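Hello,

Here is the structure I promised to pass on. Please open it next to this note; my findings follow below.

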Amino acid sequence: MYRITITNRENNKVASLLKKLSPLIVGLLIWLLPVPEGLTGQSWAYFALFIAVVVALIVEPIPAAASGLIGVVIAVIFQLVPLEAGGTITEKTALQWGLSGFQDSTVWLIFSAYIFSMGYQKTGLGRRIALHLIKLLGKKSLGLGYAVAFADFCLAPFIPSNTARSGGTIYPIVSNIPEIYDSSPEKEPRKIGSYLCWTAFSTTCVTSSMFLTGLAPNLLAVSIVESVTGNTISWTSWWLGFLPVGLILFLLVPFINFILYPPSVKEAKEMPTWAKQELDKLGALTKKELLMAGLAILALVLWVFGGEIISATTAGLIVLCLMVVFGIITWADVIGHKQAWNVLIWFATLVTLAGGLSKTGFLAWMAGSMGVMMSGYDPMVMMVLIVVAFYLVHY
């Protein structure tokens with residue numbers, strides 16, 4: 001038994017060491033390969049560094065934000081990326097490129113949206129909205145499913161994390177409902193608990209895509225598109241572009257779940273009463289909740305109609321400042337929001353690194369190479385190859 005314990009510890013140490021060294025090993029192996037025709041040694045070295053960072057993001061030997069920051073610092077030290085494509089690289093321009101992600105407006109929109117979500121949680125407004133929807137729609141199990149869906153829908157434009165939204169606000173409310181019907185993961189989950197939890201999970205996947213600010217990676221994708229192609233996608237453009245499909249998906253998800261994974265409890269007459277009791281415990285709307293609701297409407301109006309006058313990021317930062325001024329949150333709350341600052345550093349470095357692929361000429365070379373490789377194939381084969389390539393280049 002003692003020998004087995006020692007062996008397991010040694011195996012764990014080896015696995016931990018390989019995990020830590022894997023980004024370095026992969027990066028060095030790619031760098032040592034012959035430089036493909038059409039690329040410079042500098043571009044190839046940067047690509048090797050980029051892949052090393054991707055591996056680090058996957059295996060996480062250290063926090064993801066730290067991996068991105070280290071990747072940027074190494075590129076700056078070795079002056080691998082010009083400030084502009086084809087430009088001369090100096091120590092000064094390399095550092096300017098390295099810090100460029102922190103000037104990206106979308107990164108700060110993500111940050112402000114995370115702080116915005118904290119206001120919903122601190123004031124309790126998100127919980128109140130969900131309870132009102134349950135009170136209104138909760139007489140039947142299907143209605144409860146739609147109440148959960150609409151609660152997520154109301155919060156999605158302002159909370160760019162489906163974990164914070166669905167797990168932090170919706171789930172604590174939904175988890176109370178199955179208990180009333182003696183339904184739990186261990187005991188009769190199909191009564192009602194499984195349906196509600198599955199609906200909450202699947203709905204947040206739809207709402208995360210419906211709004212640009214519904215999920216942080218949406219904003220990252222938009223920022224990368226802008227840095228690589230120069231094309232800007234506004235909050236309204238994203239919303240209108242996804243609306244025809246998104247609205248249909250949103251309205252169908254609770255119903256489809258009800259058909260494919262039906263709860264045995266069809267009536268839920270107790271739910272409106274329970275929701276009313278919970279609302280009574282919350283008491284009347286507080287001043288901070290009213291202010292939070294007003295700021296939410298202000299942000300939404302500016303994002304939808306203010307695109308020509310004010311950017312979405314400026315609108316988000318205005319609301320952030322007003323939240324502090326009106327006392328909805330404190331400045332200590334802002335500087336203490338570790339997740340928001342972590343995401344800011346993580347996304348700022350990822351935007352910088354992704355833009356570096358374009359500025360070193362790697363993306364243009366890859367696009368040209370893939371075009372040559374795919375030419376001459378049957379259209380169906382080309383479709384499959386494009387889908388495979390799309391999947392593989394996600395990172």
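Phenylalanine 153 is partly exposed, at a relative accessible area of 21%. That value falls just on the partly exposed side because buried means under 20%. Please keep in mind that this is a predicted model.

The ring of phenylalanine 153 has a partner. It forms a tilted aromatic pair with phenylalanine 250. The two ring centres are 5.0 Å apart, and the planes make an angle of 40 degrees. Phenylalanine 250 is buried, with a relative accessible area of 2%.

The structure holds 21 aromatic pairs. Ring pairs also build a cluster, and both Phe153 and Phe250 belong to it.

Next, the surface. Helix H12 (235-260) turns up again here, in a nonpolar patch. The patch covers about 890 Å². It is made by Trp198, Phe201, Ile248, Leu252, Phe255, Ile256, Ile259, Leu260 and Tyr261. Which helix gives the most to it? H12 does, with 6 residues. Helix H10 (193-210) also supplies at least two.

Leucine 252 lies in helix H12. Its relative accessibility is 37%, so it counts as partly exposed. Tyrosine 261 has a charged residue over its ring: arginine 190 lies over the face, at 3.9 Å from the ring centre.

Last, another leucine. Is leucine 133 buried or exposed? Leucine 133 is buried, with a relative accessible area of 15%. It sits in helix H6 (residues 125-137). Leaving aside neighbours within four places in sequence, leucine 133 is in contact with Gly138, Ala147, Phe150 and Ala151. Alanine 275 is 142 residues away from leucine 133 along the chain, yet their C-alpha atoms are separated by 8.7 Å.

To find your way around, begin with the pair of phenylalanine 153 and phenylalanine 250. Then follow H12 to the nonpolar patch. Finish at leucine 133 in helix H6.

Best wishes

Key: Residues numbered from 1 in each chain as written. Predicted model: local features only at pLDDT ≥ 70, side-chain atom pairs only at ≥ 80, totals over all residues. Heavy atoms only, no water. Patch = residues over 30% accessible without salt bridge, like charges linked within 9 Å, V, L, I, M, F, W, Y side chains within 5 Å. Areas by Shrake-Rupley, 256 points an atom, 1.4 Å probe, with all protein chains shown as cover. Salt bridge = Lys/Arg side-chain N within 4 Å of Asp/Glu carboxyl O. Helix = DSSP H or I, 4+ residues; strand = E, 2+ residues; numbered from the N terminus. Buried < 20%, exposed > 50% of the residue type's maximum accessible area, 1.4 Å probe, protein only. Contact = heavy atoms within 4.5 Å. Phe/Tyr/Trp six-rings, centres within 6.5 Å; stacked < 30°, edge-to-face > 60°. Lys NZ or Arg CZ within 6 Å of the ring centre and 35° of its normal.
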